Structure formats: C-alpha cells, structure tokens
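Dear colleague,

Please find below the structure I am handing over to you, followed by some notes on what a pass over it turned up. I have given the cut-offs alongside each term, in case you wish to repeat the analysis with your own.

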Amino acid sequence: MEKEVTEGSEAVANKGQTVADAAKCPVAHGARGRGNREWWPDAGLKSEGESCRGQPGGVFRRWHPNGQLARQGEFRYDLPVGKVAYWFSNGQQQLEGQYVDGRQEGPWTWWHENGLKSIAGEYRDATAIGSWSWWQASGKLSHKSDLSPQPLVGPTPEAESEPREAKVR
C-alpha cells in the first residue's frame, strides 16, 4: 500500500492522495498553486481554487459578476469529486449533486430561479436510475418517469436453444 501525503512532503496534495499522485504537482516547480484567483473586469472576484498543471484540483469556486456565488465543487486531477452546487445570480440555489471519481452518483436536484424544484432524481455510476420528477416553474408536477433498468423483451435463452420443427410443404 502506498504512503499518503503528510506534512513536510515535497508536494501539496488533496486529503487522502498518495505521495506518487502528489508528486505529479510538485510545489518546487510551481506546478500547483494555492489560492489561484481570477477577477471580473471592474467587478470583483470571478473564481478561486487550486490547480495542478492548469487543471482544477481541490475546492473550486466561481462567482457571478454581481458577487453572488455561482458554483462550488471539488476537483481531483480535473475530475469532479464530492458535492457540487450551483446558484443563480439572485442567490437562489440552482443545482445540487454529488460526484464520485468524475461520475454523477446519488440524488441530484435542480431548482427554478424562483426557488421551486425543477428536477429531482438519482444517478448510479453516471446513469439516471429510479424515479425522476420534473416540475413547472409554478410548482406543478409536469412529468414523472421510472428510469429503473427494464427487463429485455424477447425470447428466453432456453427458447432459443430448443430445436425447431421443419415445415413440410
């Protein structure tokens, strides 16, 4: 088993990252920056987060030009991991979900800009599963679907292996 990064290591790493993984972004070579920031022209902070060779790594945040938080998530080697959330420019939450190794996992919810729920469902290994619901901006349920895996329709393997009778003309 590979050793995890500890204080004093020659590389900066995300929690739980191995020394070999962290070595891909050594501090000595400036490949990984802490607190990278981007600014809106004449408007304030646009984004902040860490990066590794130009790719997001660690917690990343982006703001709307009006200063409201627009999105927040965590990345590891440019893959989203953990909880992700988006907000409209009015501060109302727009989306909430979770990633595991860059793939959508668990419950996901979207909202309309007025704060009412828009879509709700669940992902397993980046595939939509189970019951999904869609609502209009008025709050009225507009559609519901069961996205559970469906059994295949057609002959069973046993039926395919049975001998067929020849037709006589």
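**Aromatic pairs, strands and core**

Phenylalanine 75 counts as buried, at 19% relative accessibility, where buried means under 20% relative accessible area, exposed over 50% and partly exposed in between, with a 1.4 Å probe and protein chains only. Please bear in mind that this is a predicted model, in which local features need pLDDT of at least 70 and side-chain atom pairs count only at pLDDT 80 or more, whereas totals for chains, interfaces and linings use all residues. Residues are numbered from 1 along each chain as its sequence is written, and side-chain values use heavy atoms, with hydrogens and water left out.

Searching the whole structure gives seven aromatic pairs, a pair being rings of Phe, Tyr and Trp (its six-membered ring) with centres within 6.5 Å, and planes under 30 degrees apart counting as stacked, over 60 as edge-to-face and the rest as tilted. One of them joins phenylalanine 60 to phenylalanine 75, and it is edge-to-face because the ring centres are 6.2 Å apart and the planes stand at 90°. Since phenylalanine 60 belongs to strand E3 (residues 55-63) and phenylalanine 75 to strand E4 (residues 69-76), the pair ties together parts that are 15 residues apart in sequence; helices (H or I, at least four residues) and strands (E, at least two) are DSSP runs, numbered from the N terminus. Tyrosine 99 and tryptophan 108 also form an edge-to-face pair, with 5.3 Å from centre to centre and 90° between the planes.

Both of these residues belong to one aromatic cluster, made up of Tyr99, Trp108, Trp110, Tyr123, Trp132 and Trp134. Tryptophan 108 is buried, with a relative accessible area of 2%, and, leaving out residues up to four places away in sequence, its contacts (heavy atoms within 4.5 Å) include Val84, Leu95, Ile119 and Tyr123.

Glutamate 74 has valine 81 in E5 as its bridge partner, and the hairpin of E4 and E5 leaves two residues between them, with tyrosine 77 in the turn showing a positive phi of about 55°. E5 in turn pairs with strand E6 (residues 93-100), in the antiparallel sense, over six bridges, with valine 84 opposite glycine 97.

What is the setting of lysine 144? Lysine 144 lies in strand E11 (residues 141-146) and is exposed, with a relative accessible area of 53%. Apart from neighbours within four places in sequence, lysine 144 is in contact with Ser131, Trp132, Ser133 and Trp134.

Overall, the protein has two helices and 11 strands, and buried residues make up 31% of its 169 residues.

Notes
Two strands pair if DSSP finds at least two bridges between them.
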